[in-house]
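This report describes a few local features of one protein model. Please have the sequence and the structure open while reading.

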Amino acid sequence: MTESSDTKVLDLLIVGGGINGCGIARDAAGRGLSVAVVEMNDLASATSSASTKLFHGGLRYLEYFEFRLVREALIERETLLRAMPHISWPMRFVLPYHKDMRFDSDTPTSKLLGVFMPWTKGRRPAWLIRLGLFMYDHLGGRKILPGTKTLDLSGSREGRPLQERFTKAYEYSDCWVEDSRLVVLNARDAEARGAQIKTRTKVISAANENGHWRVETRDTENGELQTFHARMLVNAGGPWVGDIIQSKVRLNSREGVRLVRGSHIVTRRLYDHDKCYFFQGTDGRIIFAIPYETDFTLIGTTDAEHSDPSVKPECTPEEQDYLLDFASQYFKQPLSRDDVVWTYSGVRPLYDDGASSATAATRDYTLKVDTSAGAPVLNIFGGKITTYRRLAESALDKITAQLAVNKGRWTAGVPLPGGDFPVDGVSGLIDDLKARYPFLSDFWAKRLVRAYGTEAADVLGDATDATDLGRDFGATLTETEVDWLMTHEYARTAEDVLWRRNKLGLRLNSDQSRALDDWMARHRRSASAAAE
Ligand SMILES: Cc1cc2nc3c(=O)[nH]c(=O)nc-3n(C[C@H](O)[C@H](O)[C@H](O)COP(=O)(O)OP(=O)(O)OC[C@H]3O[C@@H](n4cnc5c(N)ncnc54)[C@H](O)[C@@H]3O)c2cc1C
């Protein structure tokens, strides 16, 4: 086993290559700090690829009076859309109304109504939903996204897939984002600004040495040990934030994280329009049904306590049935397990605010600097994909104060790689790409623009024919593209490519995935032989 030690003292070592770690790395590198991110698996391999993938204010959080979080997230939606119009886009949400819809009995709103309007008996009245949507429209200033409107479902496209008892709905705006691509693009931009991004690198211990951190890591592929030195540590370990505090940095901290699993199911496409549904259940919870990857529908999510981050979260049969039953209360065509083509599950690393239920635990973030070990560590609890950039700014406020650096905020309005084009420019980019590469099908061109934006032509290079791109592993994924993903986007395995750099895992069969994995293993070996 080899060991190496970098004697340079970095400003920041960030543990965790999820959205929070990579977002902070980008912001910090852009302010001139020397930064390394160490991620024990692939980037976004944990929670940040398992979200519902919405840039949203979180309509339901209004019932918990989380006005700060909702306002920040609502404002942020349009800032993010502008910075990444390839991987994010506006979506309309249809919220069918029915008088039997109920609150979670734990929300402050339901408690208030219970006292002042006991006759509502836990039901969510229509006027309250309208009030919530009014606030949603106005709390966060919109320029791009249209506001709420009322829909008559009878005979409409939106009403057709639903049971006939739903005659009225509200329609409002939020946005979609490709969560795992968001992480990779932040990492790439951080690297372009000088950060080191080290995947498959696990932090095994950290200790104060002469007022700075000495951090030991292990390469999870070849076991190689490496030592980093840093003035400050950022613990962006997501579900492992507590594990890092207790067993890696060994702090005597009282802050706690509450792990709440959320699962999704994916079915074949259930309806023929591009809007999402927001379904309210009789248990007070809500789920979404969202058009997904053109030919599929995504349904989620659940809230279940998850005690141990090292236990891989999986959608249990009970969670599947819960989601299928929930959606079947709305769709005309009842759903069964036979409809499910894929499931995924993630763990929310929520700040433990002592809430009674997993659904009620706060989704806001909390940042705590701990200097008790003699060198500072910033522990990150909670957060949303939507607020990652604002979380990074708040983190940098604390970091720059500790490190006495005087560089201000800069990320609002600066596009991520491939995102330097207008919010309504996707169809123009697709047309340009097809004009330059006439062999591309519609599906292929759209897929490339949605993944790489203005960099799509960099991926394809000077190909004049599909055969110039090498072997097709299936569903338009070529050798040239996989090579790009390995060279520019830290991909190492077929799983990295098929489930995090894109979602072609939904389309490739197991033989095709294995062939891709073999090819990537050979490619890695020849690249490292060439480097020696
Ligand atoms: C079901 C579900 C739905 C959600 N939906 C939404 C949504 O629609 N919109 C939204 O805004 N937010 C949503 N969220 C919230 C959002 O996904 C999370 O807040 C966010 O992804 C957390 O990112 P993170 O970087 O903190 O954690 P993670 O993405 O989990 O990253 C932490 C990383 O740290 C690494 N790590 C841990 N220990 C070590 C170590 N010792 N050494 C090196 N690396 C280590 C892990 O491998 C991991 O990759 C959802 C969350 C869930 C679970």
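Ser328 touches Gln163, Pro334 and Leu335, leaving out residues up to four places away in sequence. The model is a predicted one. Ser328 belongs to helix H7, residues 317-328. With a relative accessible area of 17%, Ser328 counts as buried, because the cut-off for buried is under 20%.

Asp364 sits in the loop between strand E16 (340-351) and strand E17 (366-370). Asp364 is buried as well, as the table shows.

| Residue | Location | Relative accessible area |
|---|---|---|
| Ser328 | helix H7 (residues 317-328) | 17% |
| Asp364 | loop between E16 and E17 | 14% |

Apart from neighbours within four places in sequence, the contacts of Asp364 are Glu66, Arg68, Leu69, Phe381, Gly382 and Gly383. With one of these, Arg68, Asp364 makes a side chain to side chain polar contact at 2.7 Å. Leu350 is 14 residues from Asp364 in sequence, and their C-alpha atoms are 7.9 Å apart.

Helix H9 spans residues 426-436, and its buried residues are Val426, Leu429, Ile430 and Leu433. These four cover an arc of only 100 degrees around the axis, which means that they lie on the same side of H9. An α-helix has 3.6 residues a turn, so residues three or four places apart point the same way. Asp431, Asp432 and Ala435 are exposed on the other side of H9. The cover over the buried residues of H9 includes helix H10 (442-452) and helix H11 (456-460).

Technical notes: Residues numbered from 1 in each chain as written. Predicted model: local features only at pLDDT ≥ 70, side-chain atom pairs only at ≥ 80, totals over all residues. Heavy atoms only, no water. Helix = DSSP H or I, 4+ residues; strand = E, 2+ residues; numbered from the N terminus. Buried < 20%, exposed > 50% of the residue type's maximum accessible area, 1.4 Å probe, protein only. Contact = heavy atoms within 4.5 Å. Arc of directions from axis to C-beta. Polar contact = N/O pair within 3.5 Å; in protein donor to acceptor, adjacent residues only side chain to side chain.
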